[in-house]
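The following exercises are to be worked through with the sequence and the structure at hand. Each task is followed by a solution in steps.

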Amino acid sequence: LITAFSTGCKDPDELGLSVLPESDQISMGDTVLSVTTRTVREDSLRSDELSAQLIGSYVDPYFGKSNADCFTEVLLLGTPNFSTVDSADSLVLRLLYKGYYGDTNSTQIIHVHRLSQSMTADSTYFTSTGFTYDPSEIGSLQFQPRPGTRVVIDSDTIAPQLRIPLDLSLANSLLALGGSDTLQSNTSWRAYFNGLHFSVDDALSQGCISYFDLFNSRMTLYYHDTASVAKNYSWVMTGAKSTRFTHDYTGYPVGNHLQDSTYADTLSCIQSMSGVKTRIDIPGLNGLVGTGKIINKAELKITLSDGSASVYPSPSGLLLVAIG
């Protein structure tokens with residue numbers, strides 16, 4: 001048995017060939033099929049169940065300008081015990097980084113606005129969905145994304161985060177709610193405070209999209225009580241949230257792909273953030289039906305264009321689906 005097993009494993013392709021009639025033996029070979037591709041717009045995708053929210057702007061020499069802004073509820077974490085004579089020190093948003101895409105040396109300005117339209121956690125939102133907000137910003141910050149740099153606050157070293165100071169007038173107005181029904185439940189709080197909108201200025205060159213973990217981010221009010229004891233209270237962003245994506249391909253090569261259905265190019269394009277995708281047609285595929293051929297393996301080989309991943313890296317994975 002050992003001898004037979006060892007001998008049989010040396011060349012498994014020949015196992016049993018001496019038993020089959022020559023007319024029944026399977027011949028092996030390769031079939032190469034031509035492929036045609038076309039760059040098309042991606043549909044709007046669901047954005048209310050993302051593990052990270054995206055904020056930023058970048059410009060790609062082939063794809064043009066892409067922006068991401070987001071909307072989120074800000075909810076009570078327990079009932080705050082404010083007194084109308086407490087003194088506000090500051091109100092700070094801390095957004096925890098979860099990653100990035102682009103050039104982290106790009107300087108950006110993030111803007112924070114208060115929503116004037118409510119959100120609900122049981123609603124479905126898409127990457128094309130937007131919400132109205134008060135045009136008067138309540139906070140802004142010029143920054144360079146630092147998703148890998150831990151932050152030192154006093155003597156504590158904490159996770160990488162973006163800390164945005166908000167208007168002191170808003171901090172005082174929140175303190176003034178002490179003892180009111182507004183702070184007794186999230187139902188009454190939502191009626192008073194719909195949430196926040198985050199956006200950055202359009203990138204002029206390169207740029208960056210930052211990923212934030214809003215589930216663990218906070219809006220924190222720092223204040224002193226009547227006995228001059230330093231205190232703080234945090235709101236959470238565990239409620240409804242959504243990210244919106246916008247793209248401007250005007251004047252860029254991808255725009256030519258999309259505007260002219262007969263546009264011929266040796267390149268096909270794929271972009272995330274509900275950008276563009278590639279439709280692949282294999283005209284000769286149906287010709288294999290009825291030929292009696294058994295397909296042992298099929299491969300679609302995709303090659304990156306030289307230099308296309310120098311600043312903006314290629315995606316870690318691609319999804320191939322059949323068109324019904």
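**Exercise 1.** Determine how many aromatic pairs a search of the whole structure finds, and classify the pair formed by the rings of Phe82 and Tyr233.

*Solution.*
1. In this predicted model, the search finds 14 aromatic pairs.
2. The ring centres of Phe82 and Tyr233 are 5.8 Å apart, and their planes stand at 85 degrees. Planes over 60 degrees apart count as edge-to-face, so this pair is edge-to-face.
3. Phe82 belongs to the loop between β3 (64-72) and β4, whereas Tyr233 belongs to strand β12; the pair therefore ties together parts 151 residues apart in sequence.
4. Phe82 has a relative accessibility of 6% and Tyr233 a relative accessible area of 10%. Buried means under 20%, so Phe82 is buried, and so is Tyr233.
5. Phe82 and Tyr233 also belong to one aromatic cluster, together with Trp189, Tyr192, Phe193, Tyr223 and Trp235.

**Exercise 2.** Identify the ring over which the charged end of Arg114 sits, and the residue that lies over the face of Phe215.

*Solution.*
1. The charged end of Arg114 is placed over the ring of Tyr192, 5.0 Å from its centre.
2. Over the face of Phe215 lies Lys241, at 4.0 Å from the ring centre.

**Exercise 3.** Is Ser106 buried or exposed, and which backbone atoms lie by its side chain?

*Solution.*
1. Ser106 is found in the loop between β4 (87-102) and β5 (108-114).
2. Its relative accessible area is 9%, so Ser106 is buried.
3. A polar atom of the Ser106 side chain lies 3.1 Å from the backbone oxygen of Asp103. The backbone nitrogen of Gly207 lies 3.2 Å from a polar atom of that side chain.

Technical notes
Residues numbered from 1 in each chain as written. Predicted model: local features only at pLDDT ≥ 70, side-chain atom pairs only at ≥ 80, totals over all residues. Heavy atoms only, no water. Helix = DSSP H or I, 4+ residues; strand = E, 2+ residues; numbered from the N terminus. Buried < 20%, exposed > 50% of the residue type's maximum accessible area, 1.4 Å probe, protein only. Polar contact = N/O pair within 3.5 Å; in protein donor to acceptor, adjacent residues only side chain to side chain. Phe/Tyr/Trp six-rings, centres within 6.5 Å; stacked < 30°, edge-to-face > 60°. Lys NZ or Arg CZ within 6 Å of the ring centre and 35° of its normal.
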